[in-house]
Amino acid sequence: MLIRALIHRAVDRLIKHTVADNESGGSLLRPFRNRLPTALALPAERRNQRARALGSVLRSIASAVVFTIATMLVLGEVGLNLGPLLASAGIAGLAIGFGAQNLVKDFIAGLFMLLEDQYGVGDVVDVGETSGTVEAVGLRITTIRDAAGVVWYVRNGEIIRVGNKSQGWAVVNIDVPVGFISIDQATAVLREAAAAVAEDPDFVDDFIDPPTVLGVEQITADGAVLRTTVKTSTEAQWRVGRELRRRLTEALERAGIAAQLTAARMFIRPAVDHNSDTGQGGPT
C-alpha cells in the first residue's frame, strides 16, 4: 500500500506539473512533430485532457503491478507453492487472451493512441466509418458525434486510420465557376476579394499565409473553374471558408461575371405544337 501510494503521488505530481506547463505554453508530453509555433500550438485544454488520461492509465498499471507482486510475495510467505499457481495463471491468461483478444486489441490501440496524441476531445476527425467531433476518449471506446448529432461509439481496435482536421493548420480550397470570360479579369476580381477578407480585422488573425488564386482548376460545360486557396488555423477553417465564399460570390456579382455565367446557362425551348397532340390543324 505504501509503494502504491508513493507511485500514485509521483504520477499526480507529474500530471499537475504537466498541466501547469501546458497553461504556461510548455511542451511536456507533447509529440515533437506537434511542437508548432505559438499561433498553431495545440490548445492547452486538449493537452491537459491527454495528460489526465495518461495519468489515469499509469495509476491503473502501477496498482495492478504492485498488487500482483504483493500477492505473490504473501502467498510465498505463507508456504504455498507458487510453481503450479503460476503455471495455472499462465494457462488461464492464455485462455483469456484468446477469448478476449478484441478487448486486448482495443486497450493496446487506445494506449498507443493516447501516447502518440493522434486525436483528443474536441478534435474533428474522420475514422473511416464515421466523421465528427470527438466527445470522449477512452482506452477501449472513442465517442464521436457527427454533423447530424448522432453519437458513435467506435472501438479503438477497429480504427485503421484517422484523419484529424484539428491539428496544426488547415488549407481551405474554394472552386468558383466563372464561365467563358477573361481568366485574367476573373482572377483579378477573386484576388482582390480574397485580399479584402485577409485584411478584415475580424479575420486577420485567422490567416497564416495570404490567400492565393491558383488559376484554372478544371474546364466544365459551363466554362472555367478557378481555385482560391488559403492557409489558416484549424479552428478557423470553416469560418474563413464561409466568409471567403460569400465575398467571392459578391465580388463576381458586382463585376457582372455572375450575370454572364447565368446568361450562358439559358436555353431556348422550341415551341410545342399542341395540334400535333390533338390531331387538329390550324392556328390555336
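Five bridges join strand 3 to strand 4 (residues 151–155), and the two run antiparallel. This is a predicted model, in which local features need pLDDT of at least 70, side-chain atom pairs count only at pLDDT 80 or more, and totals for chains, interfaces and linings use all residues. Residues are numbered from 1 along each chain as its sequence is written, and side-chain values use heavy atoms, with hydrogens and water left out.

- Two strands count as paired if DSSP finds at least two bridges between them; strands (E, at least two residues) and helices (H or I, at least four residues) are DSSP runs numbered from the N terminus.
- Opposite R155 in strand 4 stands I141.
- Five residues lie between strand 3 and strand 4 in their hairpin, and G149 in this turn has a positive phi of about 90 degrees.

**Strands 2 and 3**
- Strand 2 (residues 131–137) pairs with strand 3 (residues 141–145) in the antiparallel sense, over four bridges.
- T143 in strand 3 has A136 standing opposite.
- The hairpin that joins strand 2 to strand 3 passes through three residues.

**Residue Q237**
- Helix 6 (residues 237–254) contains Q237.
- Q237 has a relative accessible area of 13% and is therefore buried, a term that means under 20% relative accessible area (1.4 Å probe, protein chains only).
- The Q237 side chain reaches the backbone oxygen of T234 at 3.0 Å.
- Leaving aside residues up to four places away in sequence, Q237 touches K165, A170, V172 and T232, where contact means heavy atoms within 4.5 Å.

Notes:
Buried < 20%, exposed > 50% of the residue type's maximum accessible area, 1.4 Å probe, protein only. Polar contact = N/O pair within 3.5 Å; in protein donor to acceptor, adjacent residues only side chain to side chain.
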